[in-house]
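Please look through the sequence and the model shown here, and then follow the explanation below step by step.

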Amino acid sequence: MTDLTIEKLDQMFFDLTDDWSWEIQGFLDSNNYVHPIDSDTKVISTVFERMSAPALRSIAKEFGYIVELANQTTYPDFTLTNPDTGHRIALDIKTTYTRSRMVFTLGGYNSFLRNNTKNILYPYDTYADHWILGFVYKQLDHFMDYDLENLPTAGQINCPYEVEAVFIREKYELCGLRAGSGNTKNIGSFKGFLPADFKTELGPFSSFTRGKSACDHFWSNYELYAPLIKSENDLLSHEDFAAYL
């Protein structure tokens with residue numbers, strides 16, 4: 001059996017989920033009442049992870065891969081391993097909401113990139129591929145506040161978001177040159193102006209023949225390179241990255 005490729009995952013995942021809206025109403029309790037959610041990114045990320053899991057497991061099963069989950073602070077969300085060939089894939093679910101300039105945060109740069117076993121399910125060097133399943137959504141009006149006299153049941157509540165783009169990409173293709181979330185040590189993606197940009201546009205590391213290696217080198221030494229490299233041209237012309245061209 002052949003190893004799973006990103007092209008095959010993309011084709012099969014979107015075939016399986018072609019008619020999905022990716023929308024939920026809230027949490028359904030045992031009395032059939034729906035408890036609404038808001039459009040906070042952390043909540044929505046969990047929703048998309050849980051909704052994606054059955055399709056991802058079906059694809060993995062067809063290719064003979066074992067699927068393992070990590071806890072909230074451990075990379076990646078899904079580890080797919082082929083026990084026969086040893087091929088291992090890190091698949092992370094990432095979300096962002098629509099605004100004039102959109103950026104994804106793509107995980108920490110001071111953990112497993114610098115320490116092979118820190119905050120990661122298996123050693124970083126055992127993963128052959130790092131892929132992102134990404135969602136761009138629009139935040140809708142805040143949900144109504146309910147009391148016990150008017151708790152809604154299934155079908156009586158609106159979803160607080162609307163999905164505008166879903167994509168599967170190589171992680172390094174999305175990575176930009178700036179940290180993604182204020183003072184936290186997270187990799188930032190390139191900036192998108194339209195939701196569809198994340199389906200087609202390429203980040204600066206895609207210009208290298210060894211793009212993943214160049215990306216890893218930059219982000220594992222981010223504090224060194226951030227003041228020196230502010231554009232793709234700076235990156236491509238820097239002598240430290242000549243070996244990756």
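**Strands, a sheet and a buried leucine**

Strand E8 (residues 161-170) is mostly covered, since 8 of its 10 residues are buried, where buried means under 20% relative accessible area, exposed over 50% and partly exposed in between, with a 1.4 Å probe and protein chains only. Helices (H or I, at least four residues) and strands (E, at least two) are DSSP runs, numbered from the N terminus. This is a predicted model, in which local features need pLDDT of at least 70 and side-chain atom pairs count only at pLDDT 80 or more, while totals for chains, interfaces and linings use all residues. Residues are numbered from 1 along each chain as its sequence is written, and side-chain values use heavy atoms, leaving out hydrogens and water.

Strand E7 (residues 129-139) pairs with E8 in the antiparallel sense over 9 bridges, and two strands pair if DSSP finds at least two bridges between them. Isoleucine 132 has arginine 169, in E8, as its bridge partner.

Elsewhere, 3 strands form an open, antiparallel sheet in the order E6-E10-E9. Strand E6 (105-108) and strand E9 (175-179) stand at the edges with a single partner strand each, so one side of each is left without a neighbour in the sheet. Between E6 and strand E10 (residues 186-189) there are 2 bridges, and the bridge partner of threonine 105 in E10 is glycine 188.

Leucine 235, found in helix H7 (residues 232-237), is buried, with a relative accessible area of 0%. Leucine 235 and leucine 177 are 58 residues apart in sequence and 8.9 Å apart in space, C-alpha to C-alpha.
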